[in-house]
Amino acid sequence: MKRNLFLSAGAALAVCLAGSALTLAQNAPQPGGASLRPASSFSSIANQRDRSVALFTEMGKVLTHPRCMNCHPATERPRQGDLRKLHEPVVVRGRDGRGATGLPCTTCHGKQNFDPAGVPGDGHWALAPASMAWEGKTIGQICEQLKDLNRNGSRDVPALIKHVTTDTLVLWGWNPGKGRQPAPGTAAEFGALMQAWADSGAACPA
């Protein structure tokens, strides 16, 4: 029994190390993340709907960035790295977004980044629900999806703001560890943009 457990642990470690080595080889470290315009810079747009749309369009720089998009895939497989390659080793969403039985996300991903091996981590590492797949969608479609209570976990706009400003996996996007470009701007700037978007009516781009 102990021998089988030892062999299983060794196999899991080999899978993790092989996957992280391949990822680092395919994705060279990128320069720092792009900037975000401050929410206050949109106050000069007199028309409220136009201002709201402009704010969400700026938010789109984060939502469509690899740090977000990799975990909101259109398929059952996550993507990884700044080049958004399919995850290696091969993993799938599983029933709860945390991987398949026998190869859960926690096989390789710990509670924090492990930079020596280039493996990212968080306390609840997982894929977004399939209902929140953003890959291949326009900014407007993502906006409507975010506001849809039937797809977003029954979150109204205030709950969405709380989610993006407090959820540790969302905040990881600005602290992604070795070899990955952080999401544009800062978490605080993104939260301020989202609050301003909500205050201006939470309108979506066409």
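Trp-174 is buried, at 17% relative accessible area, where buried means under 20%, exposed over 50% and partly exposed in between, with a 1.4 Å probe and protein chains only. The model is predicted, so local features need pLDDT of at least 70 and side-chain atom pairs count only at pLDDT 80 or more, while totals for chains, interfaces and linings use all residues. Residues are numbered from 1 along each chain as its sequence is written, and side-chain values use heavy atoms, with hydrogens and water left out.

There are three aromatic pairs, counted when ring centres of Phe, Tyr and Trp (its six-membered ring) lie within 6.5 Å; planes under 30 degrees apart are stacked, over 60 edge-to-face and the rest tilted. One of them joins Trp-125 and Trp-172 edge-to-face, with 5.0 Å between centres and 90 degrees between planes. Trp-125 sits in the loop between strand S4 (103–104) and helix H4 (139–147), and Trp-172 in the loop between helix H6 (168–171) and helix H7 (187–199), so the pair ties together parts 47 residues apart in sequence. Helices (H or I, at least four residues) and strands (E, at least two) are DSSP runs numbered from the N terminus. Both Trp-125 and Trp-172 are buried.

The rings of Trp-174 and Phe-190 are tilted, because their planes meet at 45 degrees, with centres 5.8 Å apart. Here the loop between H6 and H7, holding Trp-174, is linked to Phe-190 in helix H7, 16 residues apart. Phe-190 is buried at 3% relative accessibility.

Val-91, in the loop between strand S2 (85–86) and strand S3 (99–100), is buried at 16%. Beyond its neighbours within four places in sequence, Val-91 contacts Glu-76, Arg-77, Pro-78 and Leu-103 (heavy atoms within 4.5 Å).
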